[in-house]
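Subject: Structure for you, with notes

Hello,

The structure is below, and my notes on what was found in it follow. Please read them with the model open.

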Amino acid sequence: MAITTQDQLSAELAMGTVMLKVGDMKKMSNYYQKALGLEVLSEGPTGTGLGRRGLELVHLADGKGLDLPGRGEAGLFHTALLFDTQSDLAATVLSAAQFDGSLFTGSSDHLVSEAFYFNDPEGNGIELYWDRPRETWTWNGDTVAMDTLHLDPNNYLNKHVNETAVSGLVQANAGIGHVHLQVGDVATAETFYVDTLGFAKTTGFHGQALFVSAGGYHHHMAMNVWNSRGAGPRKDTLGLGEVVITVPNADEVGALADRLKVAGISSHHTGAELRFEDPWRNQLRVSVG
């Protein structure tokens, strides 16, 4: 099904809460609080919601009894937390590194952003990043220039950490900037996320990765096969439980429901939100936000 411009997702789209199924609730909640400076916003039978300034970013759900996913399985590559300033980013990177430096996995200058990577204690990937101003991004038609260049973490912290950002860690704004998934193949991902859901492709990487967005952002979601080429539908495991995407109104939810129906993809539509799965059984929820 060829998607029209009218069917593309709204420029006002935003990424919402990422739900993770966890095996050790206490250990995982402690990590997101102490390492990443998130506050507990809710606790109950459905799990623990954590975030900044009242905005829930991560929801930890009890997955006791489930196995960890295998490295080559589809699922979460990383959840990316976006910060307003380089100082806010640096303060969180410092906090995470001091909590457990062994969970740091790397850092990169992506031209559009500066990013630092960690794993949480159950192996879920985390990206902490800051966007360069949009006017500095380079576009070639509909393709944004991105790269993976060296970014020295110690130099970055020395340059950008300050006492105000460190002391105000939990008060600083943060949001879910994007969610990056592991999938079985990029062509199927493009058919689903671009041709059916209505994201715009912003760049790709030699058939190994796909980056998609709404409203000219560099990417709200990404999919790669670096660890998972050929992976089939997911089993019920620890790790990614659900990705929430918010859109500005119920009409857009309804239009997406129609596109999924035409594509033969089952969904549950309540009127205000839509629940469905991608081809690898990653759970998605689109709601009015």
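**Helix H3**

On one side of H3, Asn-154, Asn-155, Asn-158 and Lys-159 are exposed, meaning over 50% relative accessible area, where under 20% is buried and anything in between is partly exposed (1.4 Å probe, protein chains only). This is a predicted model, in which local features need pLDDT of at least 70 and side-chain atom pairs count only at pLDDT 80 or more, while totals for chains, interfaces and linings use all residues. Residues are numbered from 1 along each chain as its sequence is written, and side-chain values use heavy atoms, with hydrogens and water left out.

The helix itself spans residues 153-160, and its buried residues are Tyr-156, Leu-157 and His-160. These buried residues line one face of the helix because they fall within an arc of 95 degrees when H3 is seen down its axis; the arc is taken over the directions from the helix axis to the C-beta atoms. Helices (H or I, at least four residues) and strands (E, at least two) are DSSP runs, numbered from the N terminus.

Helix H2 (86-99) and strand E7 (113-119) are among what covers the buried residues of H3. Contact, here and below, means heavy atoms within 4.5 Å. At the start of H3, the backbone nitrogen of Asn-154 has a side-chain oxygen of Asp-152 within 3.0 Å. A polar contact is a pair of N or O atoms within 3.5 Å; within protein, one must be able to donate a hydrogen and the other to accept it, and residues adjacent in sequence count only if both atoms are side-chain atoms.

**Pockets and cavity**

The search ran on a 1 Å grid over the protein atoms alone: a cavity is a set of points where a 1.4 Å probe fits but cannot get out, a pocket is an open set with protein on both sides within 12 Å along at least five of seven lines, and lining residues have an atom within 4 Å of a point. Grid points are joined across faces, edges and corners, and a volume is the space filled by probe spheres set on the points.

The largest pocket holds about 1,000 Å³ of space. It is lined by 46 residues, of which Phe-77, His-78, Tyr-117, His-180 and Trp-226 are the closest to its centre. Among the elements that give two or more residues to this lining are strand E5 (75-83), strand E6 (104-109), E7, strand E8 (125-131) and strand E12 (174-182). By class, the lining has 17 nonpolar, 23 polar and six charged residues. Ala, Val, Leu, Ile, Met, Phe, Trp, Tyr, Cys and Pro count as nonpolar, Asp, Glu, Lys and Arg as charged, and the others, Gly among them, as polar.

The second largest pocket holds about 200 Å³. Its lining has 13 residues, with Leu-13, Ala-14, Leu-82, Gly-177 and His-220 the closest to the centre. Strand E1 (14-22) and E12 are the elements that give two or more residues to it. The classes here are eight nonpolar, three polar and two charged.

**Loop residues**

Ser-228 sits in the loop between strand E15 (221-224) and E16. It counts as buried because its relative accessible area is 1%. A polar atom of the Ser-228 side chain lies 3.4 Å from the backbone oxygen of Asn-224. Beyond four places in sequence, Ser-228 is in contact with Gly-72, Glu-73, Gln-182, Val-183 and Gly-184.

Thr-148, in the loop between strand E10 (143-144) and strand E11 (149-150), is exposed because its relative accessibility is 55%. Not counting residues up to four places away in sequence, Thr-148 touches Ser-108, Asp-109 and His-110.

Most residues other than glycine have a negative phi. Leu-111, in the loop between E6 and E7, has a positive phi near 75 degrees and is partly exposed at 34%. His-206, in the loop between E13 and E14, has a positive phi of about 50 degrees and is exposed at 69% relative accessibility.

Regards
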